[in-house]
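Here is a short report on the fold, the domains and the ligand site. Please look over the sequence and the model before reading on.

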Amino acid sequence: MKFTKMQGLGNDYVYVNCFEETVEHPEETARFVSSRNFGIGSDGLILIKPSEKADCQMDMYNLDGSQGTMCGNGIRCVGKYVYDHGIVDKTEIDVETLAGIRHLSLHVRDGKVETVTVDMGRPEQTSEIGEAITVLGKEYAFTGVSMGNPHAVVFMDGVKEMDLKEIGPAFESHERFPGRTNTEFVQVVDEGHVIMRVWERGSGETLACGTGACAVAVACALNGKTGSQVDVELLGGVLNIRWDRENDRVYMTGPAVEVYHGEIGLKENNV
Ligand SMILES: N[C@@H](CCC[C@H](N)C(=O)O)C(=O)O
């Protein structure tokens with residue numbers, strides 16, 4: 001299987017060009033290629049496929065093989081891939097996802113896409129603002145926001161030092177979230193700047209989460225902690241998120257980077 005390793009703020013996936021390749025067992029393949037010891041090493045697998053409704057389709061799988069409906073860092077890389085590899089020859093494109101069609105503006109420098117702005121669509125509030133929840137015997141307040149995938153946003157201090165490996169899985173599999181959840185832990189610096197760490201459903205801690213950063217911006221505004229445009233600082237870098245309250249759409253701008261190409265054999269017992 002030919003693949004391209006790409007990353008958006010260190011949220012890295014193995015990308016397969018399914019205009020040319022076929023991946024028969026995507027869940028198993030995602031688990032195999034994501035392994036940093038036995039495979040390529042990534043947060044999951046993204047298949048770039050032809051679409052009848054848009055310029056291409058993004059089909060994404062987490063590290064544990066579960067299928068995701070939307071991926072913010074992934075969709076920027078998909079935009080870069082299809083432009084840089086000549087699948088599209090325009091800088092305004094539409095990408096089909098399981099959460100709907102998303103519009104991308106590709107920002108090109110020296111013939112290659114460097115950054116991408118994505119219209120991430122309408123956010124959906126999925127809990128009360130600051131709903132109480134008890135996790136591992138401790139009380140937290142979270143704000144639920146869907147960006148086409150589920151997020152629970154928790155405000156706290158000391159985000160950089162917290163033990164995410166303990167609390168992250170406990171939120172992910174809490175009975176309040178029957179379909180599991182992505183959880184963002186957020187510290188507000190000022191009204192235009194927050195720090196966030198994420199525990200992703202199906203992948204664990206990642207260096208960044210695009211849909212998570214959008215959910216955080218919406219939750220920050222709903223909780224009166226920031227304005228509607230905010231720089232979200234993640235372990236892998238900064239995403240700029242703007243919630244246009246008038247048309248109720250969220251816009252995400254950030255980088256997309258191609259790391260390397262390769263080829264990997266998929267044996268029966270690997271997948
Ligand atoms: N890293 C992604 C989100 C990937 C999917 C997520 N783990 C889920 O299962 O919903 C992003 O950048 O948005």
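Domain bounds here come from an automatic or database domain assignment. On that basis the protein splits into domain 1 (2-116 + 255-263) and domain 2 (124-247). Their centres, taken over C-alpha atoms, are separated by 23 Å.

This is a predicted model, in which local features need pLDDT of at least 70, side-chain atom pairs count only at pLDDT 80 or more, and totals for chains, interfaces and linings use all residues. Residues are numbered from 1 along each chain as its sequence is written.

**Overall fold**

The protein has 4 helices and 19 strands. Helices (H or I, at least four residues) and strands (E, at least two) are DSSP runs, numbered from the N terminus. The radius of gyration is 18 Å, close to the 18 Å that the globule rule gives for 271 residues, so the protein is as compact as a globular protein of that length. That radius is taken over C-alpha atoms, and the rule is 2.2 Å times the number of residues to the power 0.38. Along the principal axes, the C-alpha atoms fill a box of roughly 50 × 45 × 30 Å.

Two residues are in contact if their C-beta atoms, placed from the backbone, lie within 7 Å. Among contacts between residues at least 6 apart in sequence, 64% join residues at least 24 apart.

**Between the domains**

Contacts link 20 residues of domain 1 with 20 residues of domain 2. On the domain 1 side, helix H2 (residues 72-84) gives the largest share, 3 residues.

The ligand lies between the domains, because both give residues to the shell around it. Of the 18 residues around the ligand, Gly68, Gly72, Asn149, Gly210 and Thr211 come nearest. H2 and helix H4 (210-222) each give two or more residues.

**Helix H2**

A residue is buried if 20 or more other C-beta atoms, placed from the backbone, lie within 10 Å of its own. In H2, 12 of the 13 residues are buried, so the helix is largely enclosed by the rest of the structure. Among them are Gly72, Arg76 and Lys80. After H2 comes glycine 86, with a positive phi near 75°.

Definitions and conventions: Near = placed C-beta within 6 Å.
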